[in-house]
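Hi everyone, thanks for making time. I'd like to walk you through one chain today, starting with the overall picture and then going into a few side chains.

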Amino acid sequence: MMNVSKILDRQIVRSGQKIDVSLLWMIILMTAFSLLMIYSASIAYAAAEGGDQFSFLYKQAGFIVLGVIVCGVISLFKMAAWKKFMPWYFALCGILLIVVLGVGREINGATRWIHIGPVNLQPTEMFKLAAVLYLASLFTRKAEVLQSVKKIIKPGSLLVAGLILIMAQPDFGSFVVIIGIIMGMLFLAGFPWKYFAMMVVMVLIGMGALILAAPYRMARMAGFLNPWEDPLGKGYQLTHSLMAIARGEWLGVGLGASLEKRFYLPEAHTDFIFAVIGEEFGFLGMCVLVFCYGWLVVRAFSIGKQARDLDLIFSAYVANGIGIWIGIQSFFNIGVNIGILPTKGLTLPLMSYGGSAVVIMLVCMTLLLRIDYENRQKMRGYQIEG
């Protein structure tokens with residue numbers, strides 16, 4: 001009996017579409033909705049700074065325009081070119097991670113941004129993509145590294161160096177996301193179970209030690225476990241996030257009617273934009289957004305599986321890595337907002353305010369579209385380099 005993937009492949013060929021139109025529309029709609037919510041969530045913050053109420057909207061729109069221009073250029077490059085370009089991009093990210101420690105701009109106790117004119121560049125966001133590309137290239141070129149821990153230690157040391165630089169900023173949230181990407185890609189690549197289990201145990205022990213070593217991380221953990229014990233201190237963000245979501249009930253209080261974003265909830269347009277969405281659009285709105293992220297993750301894995309079936313191995317790993325990234329980071333951000341995870345300072349992909357984050361995520365979406373395009377081309381008989 002013909003399997004489902006072959007049926008879908010034939011349907012794609014017969015459709016005549018060169019790209020995944022449904023994925024493109026999902027990206028457009030989510031990006032447009034993000035602009036709406038950033039404007040809604042940032043009005044009070046902009047007013048408090050004495051600026052124009054549209055200031056954050058204009059900035060984010062500018063970042064998106066820049067991202068679209070960048071994506072328009074990189075969409076012309078084949079995935080084979082990305083594979084060749086990967087070492088240079090990885091090296092650039094490593095240099096920027098070092099530079100940010102020396103000349104970076106400190107915000108809220110963390111040195112994560114390089115001030116370049118009117119924008120703040122965040123190298124950590126670039127390194128997330130570098131990790132995906134590096135592992136995809138490594139697994140494609142050297143399958144033997146997947147056979148044991150010893151063989152993966154040497155090539156993995158470059159990623160460890162990047163993680164150390166990220167912790168020096170410090171950025172524990174991004175550290176956890178990148179660890180998740182690495183472990184997820186190792187799992188999907190078929191890393192032996194016994195070695196994978198050993199690595200999971202080592203990672204958990206290491207992360208536990210990092211939490212215990214930093215008093216502010218312990219304070220966040222305490223605030224997460226019982227936010228109502230100190231609602232004006234350690235539990236301030238979480239309690240107001242929960243109150244915003246509770247106030248939204250099933251259908252929300254309406255666009256722009258959130259009270260928490262105006263008076264209480266800090267970082268409403270960045271880390272806690274999901275809570276504002278919950279207050280203004282209710283449980284139904286949150287469910288719709290969660291569905292959108294779930295759909296993106298499933299589509300990324302579907303594109304990756306299709307690439308693997310077509311023997312486009314590098315593309316398959318890249319698509320899977322992007323899917324893992326979106327899934328982990330959106331889960332962590334939403335988990336923080338609804339109180340099932342401690343505060344980490346992570347943005348919600350394609351939704352939160354932030355230039356580096358939205359540009360890099362749009363680049364990731366462009367890579368998914370490019371991989372899907374090459375899959376379709378190969379199914380039509382064209383020669384595509386794997």
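So, how many helices and strands does the secondary structure of the chain come to? We get 14 helices and three strands. Keep in mind that this is a predicted model. The radius of gyration is 21 Å, close to the 21 Å that the globule rule gives for 386 residues, so the chain is as compact as a globular protein of that length.

What about the inside? Buried residues account for 51% of the 386. And if you take contacts between residues at least 6 apart in sequence, 72% of them join residues at least 24 apart.

Now charges. There are 31 positive and 21 negative side chains, and the centres of those two sets sit 12 Å apart. The structure holds nine salt bridges, and I'll show you some of them.

Take Lys-128 and Glu-125, with their closest N and O atoms 3.1 Å apart. They're three residues apart in helix α5, so about one helical turn separates them. Lys-128 is buried, and Glu-125 is too.

Next, Glu-280 pairs with Lys-261, and here the closest N and O atoms are 2.8 Å apart. Glu-280 is in helix α12 and Lys-261 in helix α11, so this bridge ties together parts that are 19 residues apart in sequence. Glu-280 counts as buried because its relative accessibility is 1%; Lys-261 is buried as well, at 7%.

Then there's Asp-372 with Arg-299, a salt bridge at 3.3 Å, N to O. Asp-372 belongs to helix α14 and Arg-299 to helix α12, so the pair links parts 73 residues apart in sequence. Both residues are buried. Through shared partners, salt bridges join Asp-20, Arg-299, Asp-372 and Arg-376 into one network.

Last stop: where is Asp-271 found? It's in the loop between α11 and α12. Is Asp-271 buried or exposed? It counts as buried, because its relative accessibility is 17% and the cut-off is under 20%. Beyond its neighbours within four places in sequence, Asp-271 is in contact with Asn-333, Asn-337, Gly-345, Leu-346 and Thr-347. Thr-343 is 72 residues away from Asp-271 in sequence, yet their C-alpha atoms are 9.1 Å apart in space.

Terms used: Residues are numbered from 1 along each chain as its sequence is written. This is a predicted model: local features need pLDDT of at least 70, side-chain atom pairs count only at pLDDT 80 or more; totals for chains, interfaces and linings use all residues. Side-chain values use heavy atoms; hydrogens and water are left out. Helices (H or I, at least four residues) and strands (E, at least two) are DSSP runs, numbered from the N terminus. The radius of gyration is taken over C-alpha atoms; the globule rule is 2.2 Å times the number of residues to the power 0.38. Buried means under 20% relative accessible area, exposed over 50%, partly exposed in between (1.4 Å probe, protein chains only). Contact means heavy atoms within 4.5 Å. Lys and Arg count as positive and Asp and Glu as negative; His and the chain ends are not counted. The place of a charge is taken as NZ of Lys, CZ of Arg, CG of Asp or CD of Glu. A salt bridge is a side-chain nitrogen of Lys or Arg within 4 Å of a carboxyl oxygen of Asp or Glu.
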